Structure formats: structure tokens, C-alpha cells
Amino acid sequence: MAIDPGVRRIVVGVDGSAESVAALRWACREARLRAAEVHAVLALESVCHQVASYAAPAPRQSSGSWGAAREVLRRSVSEAASLYPSVRVRTEITEGLAARVLLDHAREADMLVLGRAAHGPDPYRGAGPVIRVCLRAAPCPVVIIGPADAAAPGHEGDHVPESWQRTQSYLTAAR
């Protein structure tokens, strides 16, 4: 893949979840503001990555998983990019462990955007292993879009928390 060094890039991890689509929407809006392109990446973990390193993996047909991955990526991108038609969104499916794939793509990126799913009744539970690895090792800023951001479809474009908006309106009135 040839990368144009003069173009700003925002890499987004996509897995088809509502949170990853929210992250993709956020990245598209940010790309529009920064005159950047979005690179939506789906990591396809093969059976080799799902067993212990010393175990021999069982053979499997991978054509179905690649087809499903293409469909997940297509649906996610079409949903998010339709809101920002002027933003260029490139897609890529890469085989490998999600954290490694995302970090490899983040090397040439200005920003990495990930969605964080809520697990169980506590929406403030810590981030999963992929997010933790990316936060520790990414060579660029990492933005995490949480479940509250994904659940509020009317606010997916807001960059300013509601509490700050009140402060901003107060400052505007004070001028």
C-alpha cells in the first residue's frame, strides 16, 4: 500500500460493533475538520492466532470469514461515511492479531481511533486488551470512543462534553 506522506491519516479499528461504527463516525468528522483521510482497518484473526503458540491449528476454510469481514467493513463504512461524503475513507482487511494490526497501521497515522464496548452492567469498566496495548504502544495519539458516545446518535459529532458546552455558552454571553 502506497502512502502519500503529505496526507493526514486517521486509522480506525472496525469490528462491526456499534462502538466501532461510532468511532468511525467520529473519525470521519475529525477527518473533515483536519482535511485528513480515514483508513478503516478490520483485523481478521486466523485460527493460528486463536490457539496456543505450541499447538498445531486445525485446518479450516477461510473464504467464509473473509467474505463476512468484507461485508462487516462495507456496512460499517457505508453507515459512517454517508454522514460525511467529502471525506475519503479507505478500507483494509488485514490478517493478524487486532492489536498488532492496528499498531502496524498506526505507524504512518496521525491518530488512531478505537471504540470501547461496555461489558456487563458497569459502563466504566476498564478497556479491553486491544485498547490497553494500543494505548501503551501506539506511536500517535489514541482516541477511545466509549459506549455512551455510540448510544447517543444525535451527539456523534459533538467533540465538546455537555458540561463544557454550558461553560462555553456562559463565556459567549460574557463577551
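Predicted model: local features only at pLDDT ≥ 70, side-chain atom pairs only at ≥ 80, totals over all residues.
Residues are numbered from 1 along each chain as its sequence is written, and side-chain values use heavy atoms, with hydrogens and water left out.

Let me begin with the overall layout. The protein has 6 helices and 5 strands, where helices (H or I, at least four residues) and strands (E, at least two) are DSSP runs numbered from the N terminus. Along the sequence they follow the pattern β-α-β-α-β-α-β-α-β-α-α. Of the 175 residues, 37% count as buried, meaning under 20% relative accessible area, with exposed being over 50% and partly exposed in between (1.4 Å probe, protein chains only).

Next, helix H1. This helix covers residues 18–34, and its 17 residues reach 24 Å from the first C-alpha to the last, close to the 24 Å expected at 1.5 Å a residue; the expected span is 1.5 Å times one less than the number of residues. H1 is mostly covered, with 13 of its 17 residues buried. Arg 32, which is found in H1, is partly exposed, with a relative accessible area of 42%. Leaving out residues up to four places away in sequence, Arg 32 touches Tyr 84, Ser 86 and Val 87, and although Arg 32 and Val 87 are 55 residues apart in sequence, their C-alpha atoms are 5.9 Å apart in space.

What follows H1? The helix is followed by Ala 35, whose phi is positive, near 55°, a positive value in a residue other than glycine. Ala 35 sits in the loop between H1 and S2 and is exposed, with a relative accessible area of 66%.

Now to the interior. A nonpolar core is a set of buried Ala, Val, Leu, Ile, Met, Phe, Trp, Tyr and Cys residues joined through side-chain atoms within 4.5 Å. The largest such core has 27 residues, and those with the most contacts inside it include Ile 10, Val 12, Leu 24 and Val 113. Strand S1 (8–13), H1, strand S2 (36–44), helix H2 (63–81), strand S4 (111–115) and strand S5 (142–145) each supply at least two residues of this core, and H1 gives the most, with 7 residues. Apart from this core lies another, of 14 residues, among them Leu 103, Ala 127, Ile 131 and Cys 140.

Finally, helix H3. Because 7 of its 9 residues are buried, H3 is largely enclosed by the rest of the structure, and what covers those buried residues includes S1, S2, strand S3 (89–95), S4 and H4. The axes of H3 (residues 98–106) and H4 (residues 129–137) come within 9 Å and cross at roughly 30°; axes here are lines fitted to C-alpha atoms, for helices over the stretch in contact, with angles running from 0 to 180 degrees between N-to-C directions. The contact is made by Ala 98, Ala 99, Leu 102 and Leu 103 of H3 and Val 130, Val 133, Cys 134 and Ala 137 of H4.

Methods. Contact = heavy atoms within 4.5 Å.
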